[in-house]
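These notebook entries record what I looked up in one structure.

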Amino acid sequence: MAAHLALEGGTKKENCIKLESVRDWKDVDWSLRCFNTVIIDDIFGGISLDNKRLREWKTVLNDIEQRATKKS
């Protein structure tokens with residue numbers, strides 16, 4: 001649903017990336033600067049809060065925020 005909304009909003013498919021794990025986040029080459037839309041699937045669990053996923057994502061939340069608010 002998020003990908004559909006992003007594409008309907010004008011994001012090109014090649015500029016949208018879907019991540020499912022912290023490893024996905026760490027493996028992206030952010031120096032390419034080609035992504036303007038990042039979708040994190042079930043970041044804290046699918047149906048209820050998954051504390052393990054929360055602990056994993058907590059390690060990169062500051063990086064996510066910095067990249068989201070960076071103006072360059």
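Is Gly-10 buried or exposed? I worked on a predicted model, in which local features need pLDDT of at least 70, side-chain atom pairs count only at pLDDT 80 or more, and totals for chains, interfaces and linings use all residues. Residues are numbered from 1 along each chain as its sequence is written, and side-chain values use heavy atoms, with hydrogens and water left out.

Entry 1, Gly-10. I found Gly-10 to be exposed, because its relative accessibility is 57% (buried is under 20% relative accessible area, exposed over 50%, partly exposed in between, with a 1.4 Å probe and protein chains only). I placed Gly-10 in the loop between helix 1 (2-8) and strand 1 (16-19); helices (H or I, at least four residues) and strands (E, at least two) are DSSP runs, numbered from the N terminus.

Entry 2, aromatic pairs. I searched the whole structure and found two aromatic pairs. The Trp-25 and Trp-30 rings have centres 4.7 Å apart and planes at 45°, so I recorded this pair as tilted. Trp-30 also pairs with Phe-35, edge-to-face, at 6.0 Å centre to centre and 75° between the planes. Rings of Phe, Tyr and Trp (its six-membered ring) pair if their centres lie within 6.5 Å; planes under 30 degrees apart count as stacked, over 60 as edge-to-face and the rest as tilted.

Trp-25 is buried at 4% relative accessible area, Trp-30 is buried at 18% relative accessibility, and Phe-35 is partly exposed at 27%.
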